[in-house]
Amino acid sequence: MNTTTYIRGCIPLVFNISSYGFWENLKSPDVIFGYSLPLMEFQILLIFVFIIMIHIFLRSFGISPIPSYMLAGLILGPQLFNLREVLSRKLSWDPALDGNGPLRGLSVCGNIMLAFLMTVKISRRLAFNNGWLPIVIGVLSFIVPFLGGFCVRNLHTDNIDPQYLSPSKVLAERTVVISSQSSILLPTVVHFLSELKILNSELGRLVLSASLINDIFASIVSIVAYLAGTYKNISPMTAYRDLIAVIILILVVFCVLRPVVEWIVERTPEGKPVADVYVHAAVLSVIASAAYTTFFNMKYLLGPFLLGLIIPEGPPIGSALEAKYEALTMNVLTPISITFSTMRCDVMKIVYQYDDIGYNIFLMLFTGVLKMLTGLVPCLYCKIPLKEAIAASLLLCSKSFSEIFLYESTFDDSVISLPIHTPFRYDLHIFIWFVFLQYISQATYTFLIACALINSGIIPTALAGLYDPKRKYVGYQKKNIMNLKPNSDLRILTCVHKPENISAAISFLQLLPSTIVVTVLHLVKLVGKIVPVVISHHSKSKRVVTNSYIHTAHLAFSQLESVTMTMFTALTHENLMHDEICKLALEQVASIIIVPSGRKWTIDGTFESEDEAIRRLNESLLQSASCSIGILVDRGQFSLRGTRRYEINVGVIFIGGKDDREALSLVKKMKHNPRVNITVIRLISSREIESTNWDYILDHEVLEDLKDTDATNCIAYTERIVAGGPEVATTVRSLSEDYDLMVVGRDHGMASPDFDGLKEWIELPELGVIGDLLAARDLDSRVNVLVVQQQQQT
């Protein structure tokens, strides 16, 4: 498609979109770059080639992809390939048809979608639901650096080179530096917290709340500043018009569009996706709002930000927007936006104009120190540990990709070179000049981008050393079953992911004494939200009946007689689920956590599926939990045999080690249940000799205690001698035919030298060697398995 445009009798401008390919002109095949679509495709291809090449190198150091986007832009910038300048005149000599125009438009679309989706996924309740501390930090972290920077802004203006910037523009540039350093952009904070996997930590929630308040406060100041600039530099009437336009936009968004969104949510049945037409209408409204705010001299991200505030996070609309546009925005549009923006940097400008931007560097450091102190002092006042307070302050001062878009909005070299052919073009030039009066120089722009690049690479490493969320799970108190006092209640945290997990968990809990205290945690993958949420369901909670599955699960666990039971729902990201489990186990003082294995069998014993996400969660739990862990493998028959009409045969395979001792301690809790028949089978190596090893001594004491008169009346004990790995596998498989539930330890310490050959064929490492044998797909048995690991973090 080709379009010819005539402008007031001037020469025609042919705007070519699609080419005929290389064969259009075989002597000069690069003619295809005179068409906008092939040119943009070539630019995108180059961008992603360099991004991939750089990230292949950086990921070996554990660096996220964001610095790769920035470095790709620097390589494609004036220092090396100078892609923007080389391709700027490919479409036309007229700046209106600049060769970078299509790519610039795609970049702007990426910024718009990123701002909108990020606002949708952040809960507005987050800002004011975490007490007064984040409010104080959020407000002070903007006001103190902003006012402090303004106090020293006017110093050292006499020695500025006139060829660099005029004195008035130098002050404007310093204002931009001060305001940008005072702001905390939410996408940056979310990026760092996600990368460090601490979104759901206390530190993460504090920083998110503070940054959201800072963002809102900075947006209000930005609107006022833009209106004041328009009033002063253009005309009072234009400023009044823009103010009325902003008020109209706010009224339309909150008084018209918000009721429409609420009506759509009410009209969508529970558990059903929202209609596609509403999702596409939301995105079109976002683009229209960006155009509207741009026309009235506001930042084009203001409209998407306001629309994002009225759309509820999560299902049905928030999750639908994430499903349709999240991957495109984060994997395609955002890398293009970041790279395109950094392509405008010229590192040599910093060298040549260092004397002129030296005071800007001082302002950055000065406002940064003030900002860090405003985050550090309130945290220390609230008795937050020093390392965590420093980590929070660093997060509040961090810069990354979202700041690049803020810097770019104050820097645009194309306006300066805009030719003046007509009176209309002259008026437009003057208008743009005044609206964007607060331009920063290319040297300052490059330095700010370089600081964001360094932040993106260094901040995650520094924070990882300062704040480790796993530290709070490291307990000095023994939280396992073996070390429970005789009269203490057994506290269990059981996790369910799907409906089929409920019956197996209940059947297992019914084998234990009625003195147990059970906490049920329903884990739900977070979709359309950023901040994880934990909901408590108690008898008076109205939120219990808002979800039919939660209501059913609550009623099912209520069948446990004489058992103290509480229930929670955790909506969180897959890679953070283990953290939510560990936190709740710590709060509930649980001795053991029971989780499903992720493998599913049908009622007739046929293997059906395997959930890799649950397996990854279990592996993370085994590494970080502050108490013991039990992984329950349900072959589809446990829930049927677990009813009160059947007797349950429970077998314990004891080899040695602390995990086996913990498994035996758990089974001992079942000995007073008249329906449970317990048998302990000890596997003894034919090469075993007596040892002075501490584990061996403890194993001997536990078994001697088991053989006493009281235990013998309730628990049967037998021994099997095995010669090596193959005989162990045969013995374990034969034992599986005699029991409904096998309880085994995950690791056997120094007691299993003859079993190493089995480790080469292990399929489920999280279950250990014996657990893997009992959970094998090809095992023709109905036995259910509980693999126990004793508390590791001590």
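**Figure 1. Helices α2 and α19 cross in a left-handed manner.** In this predicted model, let's start with helix α2 (residues 65-75) and helix α19 (residues 442-466), whose axes lie 9 Å apart at an angle of about 150°. Angles over 145 degrees count as roughly antiparallel, and α2 and α19 are therefore described that way relative to each other. To find the contact, look on α2 for I66, P67, M70, L71 and L74, which meet A452, L453, S456 and G457 of α19. Sorted by class, the residues joining α2 to α19 are seven nonpolar and two polar, with no charged ones.

**Figure 2. Helices α9 and α10 pack at an angle of about 175°.** Here you can see helix α9 (residues 236-267) beside helix α10 (residues 276-295), with 11 Å between their axes. The pair α9 and α10 is therefore roughly antiparallel. From α9, the contact draws on R241, A245, I248, L249, W263, I264 and R267, while α10 brings Y278, Y292, T293 and F295. The class count for α9 with α10 is eight nonpolar residues, one polar and two charged.

**Figure 3. Helix α8 passes helix α15 in a right-handed crossing.** The axes of α8 (residues 202-233) and α15 (residues 386-397) come within 10 Å and cross at roughly 35°. On the α8 side, pick out L203, V207 and A210; their partners in α15 are E388, A391, A392, L395 and L396. Seven residues of the contact between α8 and α15 are nonpolar, one is charged and none is polar.

**Figure 4. Eleven strands form an open sheet with mixed pairing.** If you trace the strands across the sheet, the order is β5-β6-β4-β3-β7-β10-β15-β14-β11-β12-β13. At the edges are β5 (533-537) and β13 (715-722), each of which pairs on one side only. On average, neighbouring strands of this sheet are turned by 20° against each other, direction ignored.

Figure 5. For a handy landmark, find I653, whose bridge partner in β14 is V744. Helix α22 packs on the sheet, touching β3 (491-496), β4 (517-525), β5, β6 (564-572) and β7. The direction of α22 makes about 160° with that of β4.

**Figure 6. Q588 sits in the loop between α22 and β7.** To get your bearings, note that α22 spans 577-587 and β7 spans 592-596. The side chain of Q588 is joined to that of T519 by a polar contact of 3.4 Å. Leaving aside neighbours within four places in sequence, Q588 is in contact with R491, T519, T566 and F568.

Terms used: Residues numbered from 1 in each chain as written. Predicted model: local features only at pLDDT ≥ 70, side-chain atom pairs only at ≥ 80, totals over all residues. Heavy atoms only, no water. Axes fitted to C-alpha atoms, helices over the stretch in contact; angles between N-to-C directions. Helix = DSSP H or I, 4+ residues; strand = E, 2+ residues; numbered from the N terminus. Left-handed = near helix turned anticlockwise from the far one by under 90°. Contact = heavy atoms within 4.5 Å. Nonpolar A, V, L, I, M, F, W, Y, C, P; charged D, E, K, R; others polar. Polar contact = N/O pair within 3.5 Å; in protein donor to acceptor, adjacent residues only side chain to side chain. Pairing = 2+ DSSP bridges. Parallel < 35°, antiparallel > 145°, perpendicular 65-115°, else oblique.
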